[in-house]
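Please keep the sequence and the structure in view while working through the points below.

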Amino acid sequence: MNLDTLIFLGLNGLTLAALLFIMASGLTLAFGLMRVVNLAHGAFYLLGGYVGVQVVQETDSLALGIVTGGMVAMAGGVFMERLLLQRVRGLDLSEALLTIAVGMIIADGLLAVYGGSPISLPLPPDLRLPMDLGVMMYPTFRVYIMIAALALGVVFWLVMTRTRIGAAIRAGVDDRETAMSQGINVPLLFAGVFGAASFLAGVAGVIGTSYMSLGQGLDVRVLMLSLVVIIIGGMGSLKGAGVGALITGLVYSFASGYAPQFALFFLFLPMTLILVFRPQGLFGRTT
Amino acid sequence: MKKLTTIAIGSASALAIASFVTHADDNTLRVGVIGPTSGVFSFFGEQQRMGVELAMEEIGDQVAGYDLEVTFYDSQGDPEVTVDRLRAMDSRDDVDIVVGPVLGSTGLAGLEWAGGSGMPTVISYSAPEDITMRDRVDNVVRAGWTGAQPMFAFGEYVAEELGHEDIVMVGQDYSFPYDQLGGFMRGFCAAGGNSVERIWHPLDTADYSSILATLPDGDAVMYNGAGSDGIAFFQQYHDFGIDQRMPLIGGSNFFAVGDLPEMGEQAKGGVSALQYAEGLETDNFIAFRDAFWDMHGEDTMPLAPAEHGYVALKMAVNAVEEAESLDREPVIAALRDTEMEDAPRGPFHLDEYGNPVQNIYINEVKEVDGRLVNVPIETYEEVSQFGPYDPEEYMASDSYSRDFPPDDCSDDFYQQ
């Protein structure tokens, strides 16, 4: 075990953490506002990924692919929220089952359209080249993924602390009834947050495919990781999503570096401990 | 009322039985082809279907005086569905011979069912070795391969021709890669290899960066797996520039099964081994490939599952011609005697356990006419599922597992 390896493993963990944060931040906010666990979140990752990769293949424009992937997923999310979720508002079980059903329909639809063979994202060669980070050479696009997540975190922080919308979201998360009685349209706010969350899931689908191949079944695994992240961090907490993503990413990276056979065991260990000793998560509040 | 019901049920069953009997008496050879034509593994099932369709066209609709009728069944890649379909073939559709299944798990499920039903079965691409080894039954033969079969030769080639002594293997943690590594280790150690360090990862691992970060040193890395895991590993292996340090070689499916377009240019020079190569240039193969392209279009390259489906149907039809009957006993006897001089992959015959003794090709990925294909660079002839080993001794040893055979070539296991 030498320093280079540790830095290498650390950077790998941060890359995964970045991707997980992009996925989990929207999921956790949507949960905080309306207590809806969107179990179709992984399917939006898949949807955005497939559509985005196709766009990149046909136009050779990575940016266009990322935006299109995000937009398609957002359209799916808004559609699901406005037309379906609203009808079962407040029924926990129905909401959860509905999102599972939508997730399965999306995944099966993608299977019918794109087939079962895994695909990868054709990145511009420049992005594949390693970048000198001072401590080691690391693939450029992975560095960009980390920067993107960091930027997203900053934007989220600014929106949440400096804008009226952010204040309204915080009020809705803290106390939905009171916020509504103050004239904040929480259901509409929720639709917006839900759309943004789906957008981010779609974006994650495109950029995640830069190094993980995209295929059937990945939706469930990505969803599972995102849930681990928000359970560790505390459901509804953005800060929690960030810290949860860091813990999950780094634990997974070091575990698969030193004990790949037990990678999944170590992945779920922190979540299990958190659930036993602090069920509301690191930054969650008991309700 | 009750009496009426009884009569109704009684006459209905009598009718059913009567219709069954007339059905069985007619002059039609019914072949049921089973494979995953929908779902995640549809690539394999579709390949088989296309191969079978080509064989149908060549055979025509008459076989030894019988009308040939081929029906396709979708296993969805699921062992339970497979068994349901097989039961339906036997009891409802009066199928005479089964071709398939295609995948490992469905093959084992099919074997178990076939053992009980006595149905003559030609398993196509499914590769668990015990289908034609420790759990073999009389009425099941195979048109394809066992997981270890191509790897004896590959191990030998890697040690002797490539001169690698220490291999680092990264593989998917389930039975097929165990079989592949088992065959590899035997050939590799016998030919002067030194050791294989193995790193097993759970199926569907998407992120390999940390496995790559702690990758031990060796002469070469072998990725023992395929599919989305294989593509992700391949991609990340190159992202981190490990290809500059150690060459990457593959298990049988790594470069072979349709993933080459996703891997792209960097796959060139990749070496693996299989009983099939889409870059073969024999007359038989080119005739097969061109006919396949005429039928299904040049965009689809016939790969091993297609050829195995094609050959499996021909084996079934030949057996009926040989037996001149649809009775199971003579058909099974004829199936077990199969010799195919003109198979697209090269000549083969079945060993006494029902698995092909065939050529194994060491393949290298090359660009031919603008597409990436596996081109044979070395041929090992007449390789059986036991490699150079005595069948009884081979079957007496344990099945391959996560840590069997041992990873050090100086172990007693290799000194026999």
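How many bridges join strand S1 (residues 28-35) of chain B to strand S3 (residues 66-74) of chain B, and do these strands run parallel or antiparallel? Eight bridges join S1(B) to S3(B), and the two strands run parallel. The model discussed here is a predicted one.

**The six-stranded sheet of chain B**

- Strands of a sheet are paired through hydrogen bonds of the backbone, in either a parallel or an antiparallel arrangement.
- Chain B contains an open sheet of six strands in the order S2-S3-S1-S4-S5-S6, and the pairing in this sheet is mixed.
- Strand S2 (62-63) and strand S6 (140-142) of chain B are the edge strands, each of them pairing on one side only.
- Within the parallel pair of S1(B) and S3(B), B:Thr28 has B:Asp67 of S3(B) as its bridge partner.
- S2(B) is paired with S3(B) in the antiparallel sense over two bridges, and B:Val63 has B:Tyr66 of S3(B) as its bridge partner.
- S2(B) and S3(B) also form a hairpin with two residues between them, and B:Ala64 in the turn has a positive phi of about 50°.

**Strand S14 of chain B and its partners**

- Strand S14 (residues 356-368) of chain B pairs with strand S11 (residues 271-274) of chain B in the antiparallel sense over four bridges.
- In this pairing, B:Ser272 stands opposite B:Asn363 of S14(B).
- B:Asn363 also stands opposite B:Pro376 in S15(B), and ten bridges join S14(B) to strand S15 (residues 371-383) of chain B in an antiparallel arrangement.
- The hairpin of S14(B) and S15(B) has two residues between the strands, and B:Asp369 takes a positive phi near 50° there.
- Strand S13 (residues 348-350) of chain B is paired with S14(B) in the antiparallel sense over two bridges, with B:His349 opposite B:Val357.
- Five residues lie between the strands in the hairpin of S13(B) and S14(B), in which B:Gly354 takes a positive phi near 95°.

**The surroundings of B:Ser397**

- B:Ser397 is placed in the segment after helix H13 (391-396) of chain B.
- A polar atom of the B:Ser397 side chain lies 3.2 Å from the backbone oxygen of B:Tyr394.
- Leaving aside neighbours within four places in sequence, B:Ser397 is in contact with B:Arg134, B:Arg186 and B:Phe404.

**The two domains of chain B**

- Chain B is divided into domain 1 (2-145 + 282-354) and domain 2 (149-274 + 359-415).
- The centres of these domains, taken over C-alpha atoms, are separated by 30 Å.
- Domain 1 of chain B gives 26 residues to the contact, and domain 2 of chain B gives 26 residues.
- About 1,800 Å² is buried between the two domains of chain B, and carbon and sulfur atoms give 53% of this area.
- Between these domains the count of salt bridges is zero, while nine residue pairs are in polar contact.
- The side of domain 1 of chain B that touches domain 2 of chain B has 13 nonpolar, four polar and nine charged residues.

**The interface between chain B and chain A**

- Here 30 residues of chain B are in contact with 31 residues of chain A.
- The area buried between the two chains is about 2,500 Å², of which 57% comes from carbon and sulfur atoms.
- Nine residue pairs across this interface are in polar contact.
- Helix H2 (42-59), strand S8 (195-201), helix H7 (209-213) and helix H8 (227-239) of chain B each supply at least two residues of the side that touches chain A.
- H8(B) provides the largest share of that side, with eight residues.
- By class, the side of chain B that touches chain A has eleven nonpolar, eleven polar and eight charged residues.

**Salt bridges**

- Side chains of opposite charge can pair when their charged atoms come close.
- The whole structure has 21 salt bridges over all chains, and the count between chain B and chain A is two.
- A:Arg128 and B:Asp239 meet through their side chains in a salt bridge (3.1 Å, N to O).
- The side chains of B:Asp204 and A:Arg221 also meet in a salt bridge (3.5 Å, N to O).
- B:Asp204 lies in the loop between S8 and H7 of chain B, whereas A:Arg221 lies in helix H10 (residues 218-233) of chain A, so this pair joins two chains.

Notes: Residues numbered from 1 in each chain as written. Chains lettered and ligands numbered in written order. Predicted model: local features only at pLDDT ≥ 70, side-chain atom pairs only at ≥ 80, totals over all residues. Heavy atoms only, no water. Contact = heavy atoms within 4.5 Å. Buried area = accessible area lost by both parts, 1.4 Å probe. Salt bridge = Lys/Arg side-chain N within 4 Å of Asp/Glu carboxyl O. Polar contact = N/O pair within 3.5 Å; in protein donor to acceptor, adjacent residues only side chain to side chain. Nonpolar A, V, L, I, M, F, W, Y, C, P; charged D, E, K, R; others polar. Domains from an automatic or database assignment. Pairing = 2+ DSSP bridges.
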